[in-house]
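Colleague: I would like to learn how to read strands, sheets and helices in a model. Could we go through one together?

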Amino acid sequence: MNRIDLKSVVTYLDTEYPVMLAESWDNVGLLVGDFSAAVGVIMTCLTITPEVCEESVAKKVDLIVSHHPFPFQAIKRITSQTVEGSMLLRLISHGIAVYSPHTAHDSAKDGVNQQLAAILELSDVTPLNANNSGRIGNRKQSGTLLSGVLQIIERRLGACSYVGEINKPINRIAIGCGSADDFIDEASKQGADVLLLGEARFHACLRAQSLQLALILPGHFASEHFAMKTLAQKIATQFPTISCFPSESEQDVIKRYDNTSEMTSKKCEQLKSSPPC
Ligand SMILES: [Zn+2]
């Protein structure tokens, strides 16, 4: 395996996910790292958590490309007395750099929102907002109901919540991965029948309902996590001599309670404990 300069990887990522696409409040680019370091192993993830941090140490990762920025807020001290400080110390002591494309990745030409538009089979896709964020487009296939769109999303991203009438015809769809419920008014203004978001606040859901805009809410994690695999493949294609893979340890922190699977496992336990007849 050939190692390459961290600087070359950063230059490539900065070109693909330019800072001008990122929101003004965001913190994107190389956030931890020595530009002169060499990189042989890259891991992509949605968020750097203690589990992801340990995985990167175990797999001898040189660079984590984390969708969500780490660190995000300005910090005044880096000590082992905070979770954030401990993770930063651990990453730095193992020479692990961190790059975050965040909202530039959401809005990029092949970014998270564009990939969601492809999953939903949209044509005439354009950014929803003037600063290139979000997407809006028309379903290639006409006559789909909200239930049909929910089925597509459930198949690709997992179970989701929704707002609206299940039999509502859906032709025009707006998209905003992650926490983007501030897109509701613009989506409605541009004639969307439904807006796919990662998550939305209760009062934002009521606002959407009052505008007769349906919402599809697969969860923040599900709306973005799938794109970390695509991101790893893209980096691996650009730098074929090094290793690049998505994190295997990260999971959605929000679990869905499934009564049927609990019943099934209880039944299995009962069957195991009951004497054979
Ligand atoms: Zn996010």
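Predicted model: local features only at pLDDT ≥ 70, side-chain atom pairs only at ≥ 80, totals over all residues.

Colleague: Which strand is joined to β13 by five bridges, and in which sense do the two run, parallel or antiparallel?

Modeller: The general idea is that strands of a sheet pair through backbone hydrogen bonds, in either a parallel or an antiparallel sense. Here, strand β12 (residues 172-179) is joined by five bridges to strand β13 (residues 194-199), and they run parallel.

Colleague: What is the strand order of the six-stranded sheet?

Modeller: The order is β7-β8-β12-β13-β14-β10, in an open sheet with mixed pairing. β7 (122-126) and β10 (161-163) are the edge strands, each pairing on one side only. On average, neighbouring strands of this sheet are turned by 25° against each other, direction ignored.

Colleague: Which strands does helix α6 lie across?

Modeller: Helix α6 (residues 146-157) lies across β10, β13 and β14 (214-217), and runs at about 15° to β14. Helix α8 (residues 202-210) also packs on the sheet, where it touches β10, β13 and β14. The direction of α8 makes about 45° with that of β10.

Colleague: How many strands does the sheet containing β2 and β15 have?

Modeller: That open sheet has five strands, in the order β2-β6-β5-β4-β15, with mixed pairing. Its edge strands are β2 (29-32) and β15 (243-246), and each pairs on one side only. Within this sheet, strand β5 (residues 63-66) pairs with strand β6 (residues 97-100) in the parallel sense, over three bridges. Leu 63 has Ala 97 in β6 as its bridge partner.

Colleague: Now a helix. Which residues of α3 are buried?

Modeller: To call a residue buried, count the other C-beta atoms within 10 Å of its own; 20 or more are needed. In helix α3 (residues 83-93), Met 87, Leu 88 and Leu 91 are buried. They lie on the same side of α3, because they cover an arc of only 100° around the axis. The cover over the buried residues of α3 includes β2, α2 (50-58) and β6. After α3 comes Gly 95, with a positive phi near 65°.

Colleague: Why is Tyr 12 called partly exposed?

Modeller: Tyr 12, in helix α1 (residues 6-16), has 15 other C-beta atoms within 10 Å.

Notes
Residues numbered from 1 in each chain as written. Helix = DSSP H or I, 4+ residues; strand = E, 2+ residues; numbered from the N terminus. Buried ≥ 20, exposed ≤ 12 C-beta atoms within 10 Å, placed from the backbone. Pairing = 2+ DSSP bridges. Arc of directions from axis to C-beta. Contact = placed C-beta atoms within 7 Å. Axes fitted to C-alpha atoms, helices over the stretch in contact; angles between N-to-C directions.
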